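The points after the lead are grouped by topic.

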Amino acid sequence: MKIVVLDGYAENPGDLSWDEIAALGTLTVYDRTSFTDEAEIIERIGDAEVIVTNKTPVSRRIIDSCPLMKLIAVIATGYNVVDCGRAKEKGVLVANVPSYGTAAVGQFAVALLLEICCRVGHHDRTVHEGKWENCSDWCYWDYPIIELAGKTMGIIGFGRIGRQTGRIARAMGMDVVAYDGSPTEEGREIARYVQLDELLGRSDVIALHCPLLPDTKGIINRSSIAKMKDGVIIINNGRGPLVNERDLADALNCGKVYAAGVDVVSSEPIRSDNPLLTAKNCIITPHISWAAKESRQRIMDCTAENIRAYIEGRPINIVNL
């Protein structure tokens, strides 16, 4: 059985091993495949039965052009890069990795928040540039240093990752409120569930951990920002299109939003015309919340198990049944 990995570098830049998957068939790993060149994607898939992809799209045309394809294993939780409907029509299974980065993504959300509140990276750079040794006072700070204890964090989307972020926020002394369409008892132990407008109005920090759905696309926009406290902090390491970036940039530039920390944007890699690049007090990282080695190893292990289960006739984590 032939297995082709279309874009393996982000998952494994060299610190993991493909051996577990290689043991299941004849494996070919491409570090990168053009996202836009369907002919190249089709050529690389060839007569492979199992396709492994992270962000390389598998479109209707690609599925139709590769009749021996039987399993598309997405090495991520999100699977919108695959035309799942066409795959189902053609009898191709699509499997994902449903949970791997809860701890890492929650940790990164709080890392973005702490960078805004403490500006550790900025002040480290200024010390190395000589500002402290030439300072007339014994210390200095270029940004307000913000204490989070006693402030309110509002979390939109209170699934596994949202709850993990909430736990960390509570450990720092924050009050946590959450908005989610499916409240759980576990969630109630961490936060108080509220309606969205109440969350927007009472939160000092708003973190986005909801899935990208038609009713959550652009949930942070001019209208919702107007309902927020002046000086609110917004954290998004969920999905880029949850935010209307022009509206957020305008709010940052006028001071309505004090600062934002984002690890995701609407088009990735980020485009040079993205308004957040020139907005005030906006920290942007290159979609790396998921990238801890421990998280990537879980992706590798789950993907291998997804392929193994398919071979054994007991497919698991199938998203297009």
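In this predicted model, strand S3, helix H3 (residues 60-65) and strand S4 form a right-handed β-α-β unit. Elsewhere, the largest nonpolar core holds 27 residues, and a second, separate core holds 24. The structure has 1 aromatic pair.

- Strand S1 (residues 2-5) pairs with S3 in the parallel sense, over 3 bridges.
- In that pairing, Val-5 stands opposite Val-52.
- S3 also runs parallel to strand S4 (residues 71-74), to which 4 bridges join it.
- Here Val-50 has Leu-71 of S4 opposite it.

**Nonpolar cores**

- Within the core of 27 residues, those with the most contacts are Ile-156, Ile-206, Ile-220, Met-228, Leu-248, Leu-252 and Val-257.
- At least two residues of this core come from each of helix H9 (196-202), strand S9 (205-208), strand S10 (232-236), H11 and S11.
- H11 gives the most, with 4 residues.
- The second core, of 24 residues, includes Ile-155, Met-174, Ala-207 and Ile-283.
- Leaving aside its neighbours within four places in sequence, Leu-252 is in contact with Val-257, Tyr-258, Ala-259, Ala-260, Leu-276, Ala-279, Lys-280, Asn-281 and Cys-282.

**A buried lysine**

- Lys-256 is found in the loop between helix H11 (245-254) and strand S11 (257-262).
- Lys-256 counts as buried because its relative accessible area is 17%, and the cut-off for buried is under 20%.
- Beyond its neighbours within four places in sequence, Lys-256 has contacts that include Ile-225, Ala-226, Met-228 and Lys-229.
- Asp-230, Gly-231, Val-232 and Ala-251 are also among the contacts of Lys-256.

**Aromatic rings**

- Arg-32 lies over the face of Tyr-9, at 4.4 Å from the ring centre.
- Arg-119 lies over the face of Tyr-143, at 4.0 Å from the ring centre.

Definitions and conventions:
Residues numbered from 1 in each chain as written. Predicted model: local features only at pLDDT ≥ 70, side-chain atom pairs only at ≥ 80, totals over all residues. Heavy atoms only, no water. Pairing = 2+ DSSP bridges. Right-handed = clockwise from strand over helix to strand, strands pointing away. Buried < 20%, exposed > 50% of the residue type's maximum accessible area, 1.4 Å probe, protein only. Contact = heavy atoms within 4.5 Å. Phe/Tyr/Trp six-rings, centres within 6.5 Å; stacked < 30°, edge-to-face > 60°. Lys NZ or Arg CZ within 6 Å of the ring centre and 35° of its normal. Core = buried A, V, L, I, M, F, W, Y, C linked by side-chain atoms within 4.5 Å.
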